[in-house]
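Please look through the structure below and work through the questions that follow. Each answer ends on the name or value asked for.

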Amino acid sequence: MQLEQIQTIGIAGVGQMGTACAVAFRRAGYRVLLWGRNAEKLAAVPKEIEKMESWCDDHTDAPVATGGSVETISELGVMDTGADVILDCIIEVMEDKVDLLGRFSCAKSRDCLFLSATSALSITEMASKSGLSRHLVGAHFWNPPHLIPLVEMVQGEDTPQAFVDLACELMKQIGKVPVVCRDVPGFVGNRLLHAMWREALHMVEEGVCSAEDVDKITRLTFALRLPLLGPIENMDYVGLDQTQRLQSYMAPRLANQENASEVLQRKIDAGHLGVKSGRGFYDWEKRDIDEVIRRRDAQVVQQLKFLREIGEL
């Protein structure tokens, strides 16, 4: 399949990721078939998309192509026979994804491109178990996917280079920055993120400081410079000899447990699951998550404008 032949994108899943990806493809001029198994969630999608589109119109200056559309569907067969690309955005459970991807026999016979938005699961395993070793490429969009520019493109062990190249070209068509990486658990971004989470939880558990102060220190220090000075660049700036001295001293003292943090388990046992239960490390009955997300998205747009102005994007 050639890039010019791609007209219709099938997206499976109507959660935050699937719905926002639908907006990204539609605004790039593609016809989107958006499938969900939950009738109530599917019925709510048009209003969510309208709200997201309106926000983008008011806050972003990215061009919007004509001719794009989003159609909600409840039958996978419509996507199987009508989509040129199929993007999996369902729950992060390997068995569920394998079952879903294995149901597109017509799309497979048409040699369609398959993408999975998984943030950590093995593309090689997923492709092998679903019979899509020649067709499946990982496309890890970062939330919010209609705003965050980078997409991690994951090549499975049996994925032909031509399909990876096609997937990357498609990402560029919707204004994304594709970066190809090996198929390792968590890929690149989430390995970095979870390493930070492990150390953050370890420090909270050890009483080094509060959860609130971990977040405050992160937001008001290195997070401010990360958009222009990544971790490897910062090592060069500090000096690799100095970096080695610091690592030699600190590495033995950093968290190194192989299992999830005990403080997480204690929170879960208490029913404190985060925003969805009203309490986690923070009391979300007293904090407005919608306002937090609005501020996050506004900051992302502002940062993107700055990065474009200086030629980073």
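**Backbone, sheet and spaces**

Q: In which loop is the place of Pro-144?
A: The model shown here is predicted. In it, Pro-144 belongs to a loop that connects two strands of the chain. That loop lies between strand 6 and strand 7.

Q: Is the peptide bond from Asn-143 to Pro-144 cis or trans?
A: Most peptide bonds are trans. The bond from Asn-143 to Pro-144 has an omega near 0°. That bond is cis.

Q: Which residue has a positive phi although it is not a glycine?
A: Most residues other than glycine have a negative phi. In the loop between helix 5 (105–109) and strand 5 (113–116) there is a residue with a positive phi of about 60° that is not a glycine. The residue is Asp-111.

Q: How many bridges join strand 6 to strand 7?
A: Strand 6 covers residues 136–141 and strand 7 covers residues 150–155. The two run antiparallel, and His-140 stands opposite Glu-152 in strand 7. The number of bridges joining strand 6 to strand 7 is five.

Q: Which strands stand at the edges of the open sheet, and why is one side of each left without a neighbour?
A: The open sheet has eight strands in the order 3-2-1-4-5-6-7-8, with mixed pairing.

Q: What is the volume of the largest cavity?
A: A search of the whole structure finds one cavity of 30 Å³ or more. Its lining is made up of Ile-123, Thr-124, Ala-127, Ser-133, Gly-156, Glu-157, Asp-158 and Thr-159. By class, these residues are two nonpolar, four polar and two charged. The volume of the largest cavity is about 40 Å³.

Q: Which helix gives the most to the lining of the second largest pocket?
A: The second largest pocket holds about 580 Å³ of space and is lined by 23 residues. Helix 1 (16–27) and helix 14 (289–309) are the elements that give two or more residues to that lining. The helix that gives the most, with four residues, is helix 14.

Q: How many nonpolar residues are in the lining of the second largest pocket?
A: Nearest the centre of this pocket lie Ala-62, His-146, Ile-174, Gly-175 and Arg-308. The whole lining includes four polar and five charged residues. The number of nonpolar residues is 14.

Q: Which residue lies over the face of Tyr-282?
A: The distance to the ring centre of Tyr-282 is 4.6 Å. The residue concerned also lies over the face of Trp-284, at 4.7 Å from the ring centre. The residue over the face of Tyr-282 is Arg-287.

Terms used: Residues are numbered from 1 along each chain as its sequence is written. This is a predicted model: local features need pLDDT of at least 70, side-chain atom pairs count only at pLDDT 80 or more; totals for chains, interfaces and linings use all residues. Side-chain values use heavy atoms; hydrogens and water are left out. A charge sits over a ring if NZ of Lys or CZ of Arg is within 6 Å of the ring centre and within 35 degrees of the ring normal. On a 1 Å grid over the protein atoms alone, a cavity is a set of points where a 1.4 Å probe fits but cannot get out, and a pocket is an open set with protein on both sides within 12 Å along at least five of seven lines; lining residues have an atom within 4 Å of a point. Grid points are joined across faces, edges and corners, and a volume is the space filled by probe spheres set on the points. Ala, Val, Leu, Ile, Met, Phe, Trp, Tyr, Cys and Pro count as nonpolar, Asp, Glu, Lys and Arg as charged, and the others, Gly among them, as polar. Two strands pair if DSSP finds at least two bridges between them.
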